[in-house]
Structure formats: structure tokens, C-alpha cells
Amino acid sequence: MYKQQVIRRILLSFFIGLLFPLGLLAQNTLEVTAKADSSSIRIGEQVKLHLKATVPAAVFNKPEFRLLFPIVPDSMDHFEVVTRSNQDTLTQQGMKVLQQTLTITSFDSGHWEFPPLKFEVYGATGANSVDTLFSQPLAFDVNTVSVDTTKAFKPIKTVQAVPWNIWDYWPYMAGGGAVVLIALGLWLYFRKRPEKKPVEKLPLVTPYDLARQQLKSLKAEQLWQQGDIKQYYTRLTDILRTYFEHQFGIAALEQTSEELLKNIKPVTKLNQQRDKLRSLLAIADLAKFAKLQPTADEHEDCMHKAEEILEWTRPKEEPVAQAPGAPEEKPQTGA
Amino acid sequence: MENTSSDIRQLNEKIHQASAFVDLLNMELGKVIVGQRYMVERLLIGLLAQGHVLLEGVPGLAKTLSIKSLSSAINAKFSRIQFTPDLLPADVVGTMIYNQQKNEFVVRKGPIFANFILADEINRAPAKVQSALLEAMQERQITIGDTTFKLDDPFLVLATQNPIEQEGTYTLPEAQVDRFMLKVVIGYPTKEEERHIIRQNLNPEASTPIRAVIQPGDIMEARKLVREVYMDEKIEKYIIDIVFATRNPEEYKLQKLKPLISYGGSPRASINLALAAKAYAFMKRRGYVIPEDVRSICFDVMRHRVGLTYEAEAENVTSENILSEILNAVEVP
């Protein structure tokens, strides 16, 4: 009896002695695992699949070491990969643990095996070594939802109302508040702004009236009597040209005497006044550009001709035009 | 010295008498040249204002005939130089030739030694030949070897350019085009004029030869009178306004022209516009310049002095369009 006990202890010690170095060995080798949260799911239910690789720190720190996690396709036989987490690295008891979590599901009912996953290890045992490790295959029971066909079908449920929350409506409330504030600001601005002074209306003068006034003023200035003959004729022709420009819409100020005589013809019937205008412009050109000194009678005559031309081309109806700015008038035919 | 009213009156009478030859010249030239009054008038302006004329027009528009007839009517020496790609400056101005008998180099003067030069198709010759001619035009003298020769007076160069054939041509640079007082663009004659041309050419015996109605000395006298034509300060201001409007159009409410003009008229443009206006007034037998004179000559003086931008070229805007806009915007005195 005692002998049997001794033999049993020796054998036990022997086996324990055999297991101890194996445990040490396991601590120093590279391991890969694939574990699921559950092996039984309902159809379409998602389950987490944890891929894990445990690497000794000494191996992990080798510069040439590289571990490639399995590339699991999005869809494989009976299984679908829904999401994949990033690879994570932890240090546990002197070992480096690399892990990744996949969320998988299945839409086929039955008993299915998730295949072994291939991990590739480079540089673990030597500079150029390549090792391949496989995880254990995993079995899943995919169950359908049990339907009690003996019972009657229930009606489809209506859409459920979401409980009311004030924060769901904050953009609308902020917009409304902004509109109210702007309206308030505008109201305050318009209430307090200084009142506009009534615009002083300028007296409306026709080109004809303006020219008459200017001729009168030119007469009153007695330029030729004071010897400023050039200025007298310059002013006289400018008054007429401005009148033609505003009354008949021709660019008389930018035209030479000949051009003016030519261009005024289609817009007004000057008849015998045309010769008067020609004569006036000719004398004015001589006075302005050739220092001609016309006689006093010629000065008076030119003024008289200018007045006659104004009267002749005076519009029958009084069109409204603003003076002294540019009057907006259509060309009109003289009497 | 300030011109007085009586001075201008006297000058006017003097010019009225002295300019009578213009009508004579026109009559004489009218015997052989049908139409082209515009071109002939511009040639006379160039002659009287001591400027040269660049003529642009298709072949066969009586360019050669005009200048040849003008030289005959003035009893002046005429010379025609056909510009070609292989022409050399010496072919224009002359060169030194070795005389074996005398055992020395002698000067052989080129065709430029004449009163009237027709530089036909000036843009066909290379730049060095163009430069030789344009330098002579400016300096009015030629240096061959060690000797400098003054060119004859009057000296008028009429250069022609063909506007349609640009292949294999040497376009005149802006700086050289500026040396021409006038750039005249001539067109085709009217139907009536064309009929006269046909009849005249079919019956050459009937045409009378041009006779000299004046002498080169008369032209020199007329040139002096042209310089004396009175130009009022208002006209000077008008000329300056036109030239400045080509440089700074925005100052004349012509902002839209600003992107179309790459460069405006130079001071030489103002000088030539004033001179040409005086010559035009002289031809109209007046002793003073009026705005019509400036406007009449403005396009010919300014068209080659207004540079166009790529934008203007893309929009088919010509320098004439720009000048029209300017003349319509600048106030006439």
C-alpha cells in the first residue's frame, strides 16, 4: 500500500515536472486566438469576434518583426463582417498583446463554422523568417425566430411617437429670435433717425429759356464794349451750341461750325435762319481764331441773329427740362 | 511776338495770294490723276509741312502716278525705289566705287538723291534698309564714306505699304512709323472715276503731259508761309486735348477706351498735327487755323500713333474707331 503511494507520488512529481517547462515554453511562444462572445445567435444578430495575438516582448521589439492580421473579406460563406475595429496593442505581463475586434453576423440559419484565420509573422525566429499561424475554427449556431403558427397574425404596429424635446427645435427658435431682434433694431433705427429735409426743387427751365437768360446775361456783361471780343463770341457760340445740344440732342459742343450746320439740318427746319447761323459762326470763328475785330454793328447783328435763331427754333410745346443740368429732351422741329 | 489783328489780316491776304498755286497744281494733276483728290491733297500737305507720307492701299491706285505727276508739276527730280528683301542700304543711299583710271574711290549717289522719293512696299525690305531710309528722312542728309551730302530741297518721301500681303514682310517698328507725318489710307475710286480711268487709259494719245506749273523754290517759299499761319491758343489747346485723350482717355470721360489703347500719341504727334493743320489752312487759302483744319487732318496724323491692345484687336477695334470716339468727346473751341 505504502509502496503504491510512493509510486503514485513519484509519477505525479514526474508529470508535474514535465508540465512546468511546457508552461514556461508557452509563456515564451507566439500565440494567436479567435474568440466569439457567443456561439449561438439569432439570424441577423451581431456578435463580436476578438482576434488576439500574444507576442513575447523580446520578439516584438525585434526591428524586423512584423505581424499581419488576417484579411477577412466583408462577405464570406454564411457570414458577413459588419464592422472592424482598429488594431490595438497592449502590454500584459511582459507580453505584447495585439488585438482586433470584428463584428460579424449571419443571415443563414443553421450550424456554421467560421474558418481558421491566417496570421502572418515575419522576422520572429530570424531576420528573414516567415511563419504562418492559424486560429481555431469557430462554430456558430444561427437560429431562426420561432413563430407560433397556431396563433393569429397581429397587425403591424404604427409609428411610435418620439418624446418631445426642446433641443430638437433650437435652430428654429434661434432663427426666430434673430428675426425679432433685427426687426426691433430696424424699428428703433427708423424711429430715432433724423428726418430728411425736404428736397429743394430747382426751378425747371427749358433749354430755350436758359439760352434766353444766358444771352441776356451776356448782353448785360458788355464784353465787346470792354474790348473782350474773343470772349464775347466764344460765349455767344457756346450758348447757341449748348442750346442745340439740349434742344435737339446733337453733340453741338463737340462739332466744328461746318459739322454743326450739316448735322442740325435733319433735326430742325432752319430755312433762311441757316444762313444767319452760318454767318454768325463764320464771324465768331474769325473773331475766335483769327483775331478778327468785327465792327460794333456786327457784334449787335450777331446777337440779334442768335436771338432770331432761338425764336425760330423755339418748341411749340414747352417741354420740361431741368436747368442748369443737362435737360432730357427729344429733338424737336422748329416752327 | 504777339500777332495783332492787322498782322493776321495782312498774313491772310498774303497767304491767299501765295497759295494760288495749290489750285494750279490740283488742276494740272487732275489731267492725269482721276479721283484720289484726298491722296493728292495729303501729298501736298506733306510737301508744304515738310513731312513724309506713308501710304497704305492695295496696288493699282495711282500711287506712283500721283507722286511722279506731282514732281513733274513742280519740276522736281523723282526717284522710285522698289523695296525687296535683298535690298541693301547702299542700294538706297549710294556707295563708294573704285575708279581704276583715276586710281581712287568715287562716290556713287543712290536713288535717294532726288526731291520726291517713292519707297514702294517699304515693309518688304529688311530693317537695316528701312533704317537707312528713315534716318535720311529725319536728318535730310546722307554720309557716304567720309563725305556728308545734304539732300535736295524739297525732299518728300512717299512710302507705300500693301495692307493685304503680310507674309515675308518686315513690319515697320512704331518708333519708325512715328517719323512719317501722315499715314494715308486710300481706297478704290468711285464708279464714275473708274469709267474715266478706263477711257483715259484706252486712249493715251488724248492725255496731255504734265507741265511744270511751279518751281521747287516756290514750294520752299510756301513752306515758310505755312509756318507763319496763325494758330490761336484755343486751337493749340484743342490739339493738346486730342493728343492727351489718346494717352489718358479716362480724363475725357472715355474710360471705355482705356483698355483698348496700349500707347497714345507722342509729342511728335502734337507737333505734326499743328504743322499739318497749318498746311491744310494754307491750302484752303487761309492765314489762320480753325478747328475744321485740325479735324480734317487728325486721322492721317494720328492713326499710326495710337497703339492698340490685344483686346482692341480681338474686338476688331481700329485706331480710326478710337480717334472718332475721341473727336466726338473732345469739346471744339
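Modeller: With confidence, for this is a predicted model. In chain A, the mean pLDDT is lowest in helix H1 (residues 2–27) of chain A, at 60, and highest in strand E6 (residues 79–84) of chain A, at 94. For chain A the mean pLDDT is 83, and 87% of the residues of chain A reach 70 or more.

Biologist: What does UniProt list for residues 169–190 of chain A?

Modeller: An unreviewed UniProt entry lists these residues of chain A as "transmembrane region". In the model, the span 169–190 of chain A is 95% helix and 0% strand, and its end C-alpha atoms lie 32 Å apart.

Biologist: How is the packing of two helices to be described?

Modeller: Two packed helices are described by the angle between their axes and the distance between the axes. Consider helix H2 (residues 20–30) and helix H4 (residues 63–74) of chain B: their axes come within 10 Å and cross at roughly 130 degrees. H2(B) is therefore oblique to H4(B), and their crossing is right-handed. B:Leu25, B:Glu28 and B:Leu29 of H2(B) make the contact with B:Ser69, B:Leu70 and B:Ala73 of H4(B). By class, the residues of this contact are four nonpolar, one polar and one charged.

Biologist: At what angle do helix H3 (residues 37–48) of chain B and H4(B) pack?

Modeller: The angle is about 50 degrees, with the axes 11 Å apart. That makes H3(B) oblique to H4(B), and H3(B) passes H4(B) in a right-handed crossing. On the H3(B) side stand B:Met39, B:Val40 and B:Leu43, which meet B:Ser66, B:Ile67 and B:Leu70 in H4(B). The residues of this contact comprise five nonpolar, one polar and no charged.

Biologist: Why are H11(B) and H12(B) described as oblique to each other?

Modeller: The axes of helix H11 (residues 267–283) of chain B and H12(B) come within 9 Å and cross at roughly 135 degrees. Angles over 145 degrees would count as roughly antiparallel and 65 to 115 as roughly perpendicular, so H11(B) and H12(B) are oblique to each other. H11(B) passes H12(B) in a right-handed crossing. Among the residues that meet are B:Leu273 and B:Tyr280 in H11(B), and B:Ile297 and B:Val301 in H12(B). The contact divides into 11 nonpolar, two polar and one charged residues.

Biologist: How many residues does each chain give to the contact between chains A and B?

Modeller: Chain B gives 20 residues and chain A gives 13 residues. On the side of chain B that touches chain A, the elements giving two or more residues are helix H1 (5–18), helix H10 (233–247), helix H12 (291–302) and helix H14 (319–329) of chain B. That side of chain B has 11 nonpolar, four polar and five charged residues.

Biologist: Which backbone details deserve attention?

Modeller: The peptide bond from B:Asp153 to B:Pro154 is cis, with omega near -5 degrees. B:Pro154 lies in the loop between strand E7 (147–150) and strand E8 (156–161) of chain B.

Note on methods. Residues are numbered from 1 along each chain as its sequence is written. Chains are lettered from A and ligands numbered from 1 in the order in which they are written. This is a predicted model: local features need pLDDT of at least 70, side-chain atom pairs count only at pLDDT 80 or more; totals for chains, interfaces and linings use all residues. Two residues are in contact if their C-beta atoms, placed from the backbone, lie within 7 Å. Helices (H or I, at least four residues) and strands (E, at least two) are DSSP runs, numbered from the N terminus. Ala, Val, Leu, Ile, Met, Phe, Trp, Tyr, Cys and Pro count as nonpolar, Asp, Glu, Lys and Arg as charged, and the others, Gly among them, as polar. UniProt positions are given in the numbering used here, feature names are shortened, and annotations may be inferred rather than shown by experiment. Axes are lines fitted to C-alpha atoms, for helices over the stretch in contact, and angles run from 0 to 180 degrees between N-to-C directions. Angles under 35 degrees count as roughly parallel, over 145 as roughly antiparallel, 65 to 115 as roughly perpendicular and the rest as oblique. A crossing is left-handed if the near helix is turned anticlockwise from the far one by less than a right angle, and right-handed if clockwise. pLDDT is the predictor's confidence in each residue, from 0 to 100.
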